[in-house]
Amino acid sequence: MKKKTAMSRALVRRETIAGYMFMLPSLFFFLVFVIYPMFMCIFTSLFDSNMGRNTVDQFIGFANYVELAHDPIFLGAMKNTLVIVLVSVPTVCAFSLWVASAIYDMKPALTSAFRVIFYLPVVTGSVAVTVVWKWMYNNYYGIFNYLLKGAGVIDKNINWLGDPRFALWCIIIILFTTSVGQPIVLYVSALNNVDQSLVEAAAVDGATRFQIFWKIKWPQIMPTTLYILVITTINSFQCFALIQLLTSGGPNHSTDTVMYYIYYTAFKLYRYGYGNAMGVVLMITIAILSAVQFKLGQSSN
Amino acid sequence: MKNQKSAAYRWISFAIVVILALLFTFPLYWIITGSFKTAKEINSTTPVWWPTTWTLKNYQTLMGKMKAPLWEIPVPFSQYFTSGGEKTIISSGPQVPAAIRWMLNTIWMAVAAMFLTCLTAALAGYSLAKKRFIGRHLIFTLIVCAMALPKQVILIPLIRQMSSLKLYNTLSAVIYPIVGWPFGVFLIKQFAESIPGEILEAAQIDGAGELNIFNTIVFPMIKPGVGALAIFTFISSWNDYFMQLIMLSSTKTLTISLGIAKMQAENSTDFGLIMAGAAFAAVPIIIVFIIFQKYFTRGIMMGAVKG
């Protein structure tokens, strides 16, 4: 459909004024509470800025960034963050796709019951979820030690959260349970939208279930997979509440993630500019990763 | 039609899904039963799967621990005129258990964030989709860029900004950044794109005012989007722990999840008390979720399709 593009000058002015009047409330909150702090984050990352100290911030150029590159705790936090992302993104995607394909063609009531159950950990909220897991992981009263001892897997109680070998994995498990809810909802709806006539035609031609999945369903749910990859990556990068409540980055910074270390630097060490420099690095990392995933998805389509 | 899945495969996968579902509900089961267990059962090295004697003691401790006034009505903007930057309170409610105040704070925060987000996003989304004004491409680009970045990064600079605006340690400090987050505008814009321009032009020619057009034509058409955004904002602001953590500090201003986290930090081994708090925090939102579950899942799907 073609639209008339010729508009009189008065009409353009009227549209502009009306347009901005409608934009105004939203634009106010957006500029003041999102864009301005984002700018300040980049700006103060170039300063030696300490919270609560009454001296003027010192401009130090890229010194914060140089220090970051040599900060073993930051590099460790970056490594932990990448481990979390690399482990949780594929497992969340594969798990939710499998669950979705198992439940999408059940009776509607059953499908939505399962959807609700797998979404429950998200709704329960990170604090409630974390405190109960903390109890389950507990050295003396936790059920994990009890069950594993009963099954003969371990013979001594393990201090799950206090042991650098296990702590990060304990966090990944909880993150996993709180991450699959949304992908399952999305996959169920994507699988229901797959063109049934193609599936039936392939079945008549004697295609196996596996072939039908790879050749027909998988390409059609690709956009959903792409979206899930992006949101799961971003969520895993931002993993914070679990760490703050479970281990506070311990033992000995072995479970620090970048997000937690930013919080730690800004609110425990009061090194505000340094924390912001980390924030900028995190922003750039996520932007690059999202762009790469997006490009990959586009080229595979 | 030929059945694609064999009966055996169906039963096996059904069994596995049921087991997984039980595992996923277990933490919630453990919270709720744990909150009714006696200290002896909680601190037993052999887990008690089902409480033998149900006790309300944990809830009594939760309610008796800290007190806060039920409400406090401040004079608007008074923090800019007092020397300490404190608001002048004109009416303050009776002292009640702090957990109840936290719950009210959380409800107020989530409802206010939801209402403001929907209102501003509906207006702005429509404007971005349908109004041909100068600078809209720039604004839209800014919105898309901001959405791709991690929200938490801006929270560190925000805290300084909030203290200089004298909003630190108020619920507004949590609400405003949620309202500013541009996802809602983006979502509504996608909905408003599908409104036929002819209808709007016809209404304009008939002399209908801009607000009138918005109320009678635009809003009914973007309503599903606004509904999805409302539920989405409500649940995500309810659970947005990081922002609450850095912005709120005194007993009177805490939200329920923050209050529970604080209790956990102070009484880390009293699992009964902590479970009572967790149940108190989680059960209301779970009930809301189950009631609105249909709209909520639809909201998630629309967010993905339109996003």
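A search of the whole structure finds five cavities of 30 Å³ or more. A cavity is a set of points, on a 1 Å grid over the protein atoms alone, where a 1.4 Å probe fits but cannot get out; a pocket is an open set with protein on both sides within 12 Å along at least five of seven lines; and lining residues have an atom within 4 Å of a point. Grid points are joined across faces, edges and corners, and a volume is the space filled by probe spheres set on the points. The model is predicted, with local features needing pLDDT of at least 70 and side-chain atom pairs pLDDT 80 or more, while totals for chains, interfaces and linings use all residues. Residues are numbered from 1 along each chain as its sequence is written, chains are lettered from A and ligands numbered from 1 in the order in which they are written, and side-chain values use heavy atoms, leaving out hydrogens and water.

The largest cavity holds about 90 Å³ of space. Its lining has 13 residues, and the closest to its centre are Thr124(A), Gly125(A), Val127(A), Asn239(B) and Ser257(B). At least two lining residues each come from α5 (126-137) of chain A and from α12 (256-266) and α13 (271-291) of chain B. Helices (H or I, at least four residues) and strands (E, at least two) are DSSP runs, numbered from the N terminus. By class, this lining has eight nonpolar, five polar and no charged residues. Here Ala, Val, Leu, Ile, Met, Phe, Trp, Tyr, Cys and Pro count as nonpolar, Asp, Glu, Lys and Arg as charged, and the others, Gly among them, as polar.

The second largest cavity holds about 80 Å³. Its lining includes Leu120(A), Trp133(A), Phe24(B) and Ile31(B). Two or more lining residues come from each of α4 (108-124) and α5 of chain A and α1 (7-35) of chain B. The most, four residues, come from α1(B). The lining divides into nine nonpolar, two polar and no charged residues.

In chain B, β2 (72-74), α4 (98-130) and α7 (171-180) give two or more residues to the lining, and α4(B) gives the most, with six. The lining of this pocket has 17 nonpolar, 10 polar and six charged residues.

Asn169(B) sits in the loop between α6 (155-164) and α7 of chain B. Its phi is near 65°, a positive value in a residue other than glycine. Asn169(B) counts as buried because its relative accessibility is 18%; buried means under 20% relative accessible area, exposed over 50%, and partly exposed in between (1.4 Å probe, protein chains only).

In chain A, Asn252(A) lies in the loop between α12 (241-246) and α13 (258-267). Asn252(A) also has a positive phi, near 50°, but counts as exposed because its relative accessibility is 74%. Thr255(A) is found in the loop between α12 and α13 of chain A. Thr255(A) counts as buried, because its relative accessibility is 0%. Leaving aside neighbours within four places in sequence, Thr255(A) is in contact (heavy atoms within 4.5 Å) with residues including Asn80(A), Leu168(A) and Ile243(A).

Chain B as a whole has 14 helices and four strands. Of its 307 residues, 53% count as buried.
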